[in-house]
Amino acid sequence: SYFNATVSENTSREVKPILITDVVNYFIKNIKDDLNRQNTEIVIDSYGYDLYTTPMHISEWSSVLYNLYTNSKKAIKRSGKIGKLKIITGEENGKIYLELHDNGDGIPDENKDRVFNAFFTTSTPAGFDAPLDEKLTGTGLGLKIVKDIIETYNGTISIIPAEENYNTCFRIDIPKAEKEQLEEYGL
């Protein structure tokens with residue numbers, strides 16, 4: 001249903017300021033069953049109100065969050081730990097930020113500069129008879145797509161030090177919607 005709704009939204013291609021907390025809440029609602037199956041807990045923290053991004057298309061945020069989530073899910077599985085995710089949103093220096101922390105196996109220092117390159121992956125192919133959850137192999141395009149989407153809107157994505165009890169954190173900074181943009185869309 002998450003993808004059906006996203007694809008339906010995509011047909012209009014309307015860009016508008018996006019309330020980042022709404023995007024996160026909708027995403028969590030749609031992955032809740034998967035989180036429960038994976039025995040993964042998630043914490044959401046938001047710092048600030050009216051956290052509207054520059055006008056974007058909602059399906060782009062869906063793609064960004066889904067790609068980050070699937071990478072976290074694979075890292076947690078490799079670690080063998082009970083999964084923990086944390087999403088933090090807020091505003092800083094005229095930008096809206098979103099951080100995704102996970103307690104997976106982490107990213108080795110030598111790979112931190114390479115993870116956004118096309119076709120770079122640490123996933124290995126599973127055999128055809130492997131269980132479905134082990135077929136989570138990657139093409140090495142997910143983070144490249146995420147970076148391209150974010151940079152289209154003059155934003156950045158980076159790996160920053162994770163909070164205590166987490167091993168990896170991706171941080172996205174995207175320009176905040178200007179007052180005129182919010183007025184134009186009646187927000």
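Reader: What does W61 touch, skipping residues up to four places away in sequence?
Author: W61 touches I18, I20, V23, T53, M56, L98, I172 and I174. Contact here means heavy atoms within 4.5 Å. Bear in mind that this is a predicted model, where local features need pLDDT of at least 70, side-chain atom pairs count only at pLDDT 80 or more, and totals for chains, interfaces and linings use all residues. Numbering starts from 1 along each chain as its sequence is written, and side-chain values use heavy atoms, with hydrogens and water left out.

Reader: OK, and how many residues are in the largest nonpolar core?
Author: That core has 34 residues, and W61, V64 and L68 have the most contacts inside it. A nonpolar core is a set of buried Ala, Val, Leu, Ile, Met, Phe, Trp, Tyr and Cys residues joined through side-chain atoms within 4.5 Å. Buried means under 20% relative accessible area, exposed means over 50%, and partly exposed is in between (1.4 Å probe, protein chains only).

Reader: Which elements each supply at least two residues of it?
Author: Helix 2, helix 3, strand 2 (84-92), strand 3 (95-102), helix 4 (142-152) and strand 5 (168-175) do. The largest share, seven residues, comes from helix 2. Helices (H or I, at least four residues) and strands (E, at least two) are DSSP runs, numbered from the N terminus.

Reader: At what angle do helix 2 and helix 3 pack?
Author: About 45 degrees, with the axes of helix 2 (residues 20-37) and helix 3 (residues 58-79) 11 Å apart. That makes helix 2 oblique to helix 3. Angles under 35 degrees count as roughly parallel, over 145 as roughly antiparallel, 65 to 115 as roughly perpendicular and the rest as oblique. The axes are lines fitted to C-alpha atoms, for helices over the stretch in contact, and angles run from 0 to 180 degrees between N-to-C directions.

Reader: Which residues meet there?
Author: From helix 2 there are I20, V23, V24, F27, I31, D34 and L35, and they meet I58, W61, L65, Y66, Y69 and K73 of helix 3. By class, that contact has 11 nonpolar, no polar and two charged residues. Ala, Val, Leu, Ile, Met, Phe, Trp, Tyr, Cys and Pro count as nonpolar, Asp, Glu, Lys and Arg as charged, and the others, Gly among them, as polar.

Reader: And what about helix 3 with helix 4, what's the angle?
Author: About 145 degrees, and their axes are 9 Å apart. E60, S63, V64, N67, L68 and N71 in helix 3 meet G142, L143, I145, V146, I149 and I150 in helix 4. Seven nonpolar, four polar and one charged residues make up this contact.

Reader: New topic: is T54 buried or exposed?
Author: T54 counts as buried, at 14% relative accessibility. T54 sits in the loop between strand 1 (41-47) and helix 3. Leaving aside neighbours within four places in sequence, its contacts include K16, Y153 and Q181.

Reader: Where's D50, then?
Author: D50 is in the loop between strand 1 and helix 3. D50 counts as exposed because its relative accessibility is 54%. Its phi is positive, about 50 degrees, although D50 is not a glycine. Most residues other than glycine have a negative phi.

Reader: Last one: how many helices and strands are in the chain?
Author: Five helices and five strands. Along the sequence the pattern is α-α-β-α-β-β-α-β-β-α.
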